[in-house]
Amino acid sequence: MEPYVVALDRLGMADLESVGGKNASLGEMIANLSRLGVRVPGGFATTACAYRDFLAQNGLDQRIRAALDGLDVDDVAKLTAVGQQVRAWIMATPLPPRLTREVSEAWSTMAAEGGSDLAVAVRSSATAEDLPDASFAGQQETLLNVRGIDAVIRGVHEVYASLYNDRAIAYRVHQGFDHASVALSVGVQHMVRSDVGASGVLFTLDTESGFRDAVFITASYGLGETVVQGAVNPDEFYVYKPALRAGKRSIIRRKLGSKAIKMIYAPGGDGRRVATVDVDPGQSRRFSITDADVETLARYALLVEQHYDRPMDIEWGKDGLTGDIFLLQARPETVQSRKGQIIQRYRLRQKSRIVARGRSIGHRIGAGTARIVQEVADMHRIRAGDVLVADMTDPDWEPVMKKAAAIITNRGGRTCHAAIIARELGIPAVVGCGDATKRIADGTPVTASCAEGEEGFIYEGCLPFEEQRIELDNLPPPPVKIMMNVGNPDRAFDFAGIPNHGVGLARLEFIVNRMIGVHPRALIEFDQLRPDLKDVIREQMSGYDDPIEFFVARLTEGIASIAAAFAPRPVIVRLSDFKSNEYANLIGGQPYEPAEENPMLGFRGASRYVAESFRPCFELECRALRRVREDMGLTNVEVMVPFVRTVAEAAAVVDLLAANGLRRGENGLRLIMMCELPTNALLAGRYLEYFDGMSIGSNDMTQLTLGLDRDSGLIAHLFDERDEAVKALLGMAIQACRQAGKYIGICGQGPSDHPDFAQWLVGQGIDSVSLNPDTVVETWLYLAGQKAG
């Protein structure tokens, strides 16, 4: 006789038909990964046989089949009525006595180990869920902090009924699964005390780009349902797999979430199992887990991915009493891992007023009429092509989500329900906006853009946009190396998917401005600042205790994100090239910067680095670069010095870099000089004595050759990199580098704007052309002798 109940540690993936994907996976991990140090809570599972025998009572299965036959799941009202009827039939049908008996016996075994007041989770595990091509995530019920055998048996009954939740019925129809072919197993599992700890979700790849060399982790205080449901904006972490495997510093990015609420065990006596409470503001401003926790989770993730041999989606919990970390379930990742060799790129043709902003999901753009939906009962208002705006979504919303042109939520992170479904449906979503339901007027046209980086924007009106499809297999070889200019670390994983030969320009000032926002001198002299400015900076550096470490760590994260995305290809990082007015605009920057008439030609570049007033700030940049190259092992990072006015200045900067641990040639370090002043071309041979090559900055070279201010609209029409005088100087620099056998590339705007200019550079013998990401394919095809389609 086939059992109705089986202990989790006796299960494996071979039992999928009997206990469903979730329970089979739990058993698989307990059996194969526990010996490697991966902790998975134990328990037991009911079988599909028990479920089918339950349905066979009194013709229940036949009644369900008849009720669902021909049901139009897009008719929300009809779906709701039928689903309610089916669930009522199930709850009115008693569980088979043998099932009740076997569950009681298994519970007694668990209670003997965990005590009579044992708390368990009662979860669904459908035989069609957690498959490589269909996740079924969140479709059925999950009950937390269940105590006592009566509550467990009642929980099993409720989970059975949840197989016919409206969302589950609709999802099966949309995925092409026959209702009768899907059976349900119920998992009863020891609870991890993450109610007083933390929990979250992790993926063994980047969920937005599909980048495979990163583990993406979300974390928040309390039980994990708030993260999965999208009720909280969690902390986020990226771990670089090659560095982790090599035993090096591996966390390449951290993002502090607001974590405003958490789910905990409910106080006794009020009839609830769990409760949602506010998080103390001071606690919210700290990361919910430590770096050591992040690396432990990432190591677990590598073991799981290696065992299953595919990208995985994993839920985890940290026990706040013991500090131990457990994996609660694991399923195949079903979106990025199925993508083919075609890249889609979206770009707005124009912009308007920004109405709201949040976390972008995917890289698409969607436009339509905004429909604010406050509750499930209002879902009938959504029409095909509308933009769904809500506080948050849950699986009950799925029947209408597929109609939306875009999804916008107040709450949630990149692993919340709205984000998961948006990815599966290929719909742009902007989550965690905070107050989108207040900022966006119902019935007004809006455009949701996820094509501008980690941050998503909601614009007024239906804006025109364009789509580009790149077939990676069909690109011909170019006559020169095509590199990219990458400033935004948030887009690095995405841009790395575009065919390229590395990064010709990574701007340090973009990272300082976007990820730090504070003048480095203000951080160095933090203790001497006035109290109100200290408060502003403390808020800016939330999650970091030390001001100087905040600067170095954030700069490290920005550089490492780009370097990891493109490794082992070279990433040329340009030292900060802020002008004095730009530095003054950083928080706390005004007292430290001179008021210059023409900052474009003033205190910038190499002159700033060697100045006594800025040297302590420059040393922080060097510290971050050393951390990336030495501690993380990202030796593909090369260092570029901008705006070098004299040969003596070149020598001084190279000596200063060496004094700060960035010695040319050590550990393969190459030093590159920006060739952007006429002196750099005229005396190229002399400068090359101190550098391993040059990278042409065509913007400054053009303005300084032609004697014009590129910021002046009055003479903007005279600005042209293709001017004969400019080309003469560039030709001199290229020839000098070729004669010296050293690198010569270009990272200026010219080749991105003018493919014919790029063609001229190729004819001169340049080694590489570094382009803005949106022009790579077009220029690549142009240089290869074809036209972009």
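**Notes on salt bridges and a nonpolar patch**

1. Let's start with Leu683: its relative accessibility is 35%, so this residue counts as partly exposed. (Buried means under 20% relative accessible area, exposed over 50%, and partly exposed in between, with a 1.4 Å probe and protein chains only.) Leu683 sits in the loop between α24 (678–682) and α25 (684–687). Helices here are DSSP runs of H or I with at least four residues, strands are runs of E with at least two, and both are numbered from the N terminus.

2. A word on what you're looking at: this is a predicted model, where local features need pLDDT of at least 70, side-chain atom pairs count only at pLDDT 80 or more, and totals for chains, interfaces and linings use all residues. Residues are numbered from 1 along each chain as its sequence is written, and side-chain values use heavy atoms, leaving out hydrogens and water.

3. Leu683 also belongs to a nonpolar surface patch of about 250 Å², together with Leu682 and Met732. Patches take residues with over 30% relative accessible area and no salt bridge, joining like charges within 9 Å and nonpolar side chains (Val, Leu, Ile, Met, Phe, Trp, Tyr) within 5 Å. The accessible areas come from the Shrake-Rupley method with a 1.4 Å probe, and for residues only the protein chains shown count as cover.

4. On to charges: the whole structure has 50 salt bridges, each being a side-chain nitrogen of Lys or Arg within 4 Å of a carboxyl oxygen of Asp or Glu. One of them pairs Asp293 with Lys318, with 2.7 Å between the closest N and O atoms. This pair links distant parts of the chain, 25 residues apart: Asp293 is in helix α11 (residues 291–308) and Lys318 in strand β12 (residues 312–318). Both Asp293 and Lys318 are buried.

5. Have a look inside helix α19 (residues 547–566) too: Arg554 and Glu557 are three residues apart there, so about one helical turn separates them. Their side chains form a salt bridge at 2.9 Å, N to O. Arg554 counts as buried at 15% relative accessibility, and Glu557 is buried with a relative accessible area of 1%.

6. Arg722 and Asp756 make a salt bridge as well (3.2 Å, N to O). Arg722 lies in the loop between α26 (698–706) and α27 (724–740) and Asp756 in helix α29 (residues 755–764), so the pair ties together parts 34 residues apart in sequence. Arg722 is partly exposed at 30% relative accessibility, and Asp756 is partly exposed with a relative accessible area of 37%.
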